[in-house]
Amino acid sequence: GRPPFGWRAEGKELVRDDAEQEVIAVVRQFHDEGLSLREIATRLVDAGYQPRTGERWSPTQVAGILERST
């Protein structure tokens, strides 16, 4: 299957994707500041961060990152 956000496949191994790891750190920071999922998604778009799929971040994508990164 597809590697989790923040990781990429190189051969048969998972390696950190530094750009996606940065997004995870930013999402965690915004969440710790008390922002809603929608506010976090908006801030990611405003800051120019790109999701893997689609053109814009959604609250559902943000929730998935938080669920998998805790």
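## Ground rules

Helices (H or I, at least four residues) and strands (E, at least two) are DSSP runs, numbered from the N terminus. Ser 36, for example, lies in the loop between H1 and H2.

This is a predicted model, in which local features need pLDDT of at least 70, side-chain atom pairs count only at pLDDT 80 or more, and totals for chains, interfaces and linings use all residues. Residues are numbered from 1 along each chain as its sequence is written, and side-chain values use heavy atoms, with hydrogens and water left out.

## The hairpin

Strand E1 covers residues 7–10, and strand E2 covers residues 13–16. The two run antiparallel and are joined by 4 bridges. Two strands pair if DSSP finds at least two bridges between them. Ala 9 has Leu 14 of E2 as its bridge partner. Trp 7 has Arg 16 of E2.

The hairpin of E1 and E2 has 2 residues between the strands. Gly 11 takes a positive phi there, near 65 degrees.

## Trp 7

Trp 7 sits in strand E1. The cut-offs are under 20% for buried, over 50% for exposed, and in between for partly exposed (1.4 Å probe, protein chains only).

Trp 7 touches Leu 14, Val 15, Arg 16, Asp 17, Glu 20, Gln 21 and Arg 52, not counting residues up to four places away in sequence. Contact here means heavy atoms within 4.5 Å. Ala 25 is 18 residues from Trp 7 in sequence, and 13 Å away in space, C-alpha to C-alpha.

## Helix H1

H1 spans residues 18–32, a run of 15 residues. From first C-alpha to last, H1 reaches 21 Å, close to the 21 Å expected at 1.5 Å a residue. That expected span is 1.5 Å times one less than the number of residues.

Which residues of H1 are buried? They are Glu 20, Gln 21, Val 23, Ile 24, Val 26, Val 27 and Phe 30. Their cover includes E1, E2, helix H2 (37–47) and helix H3 (59–68).

In H3, Val 62, Ala 63, Gly 64, Ile 65 and Leu 66 are buried. H1 and H2 are among what covers them. Thr 60 also lies in H3. Thr 60 is exposed, because its relative accessible area is 65%.

Ser 36 is partly exposed, with a relative accessible area of 34%. Ser 36 and Ala 63 are 27 residues apart along the chain, and their C-alpha atoms are separated by 9.8 Å.

## The largest pocket

A pocket is found on a 1 Å grid over the protein atoms alone: it is an open set of points where a 1.4 Å probe fits, with protein on both sides within 12 Å along at least five of seven lines. Lining residues have an atom within 4 Å of a point. Grid points are joined across faces, edges and corners, and a volume is the space filled by probe spheres set on the points.

The largest pocket holds about 170 Å³ of space. Its lining has 13 residues, of which Phe 5, Arg 52, Thr 53, Gln 61 and Arg 68 lie nearest its centre.
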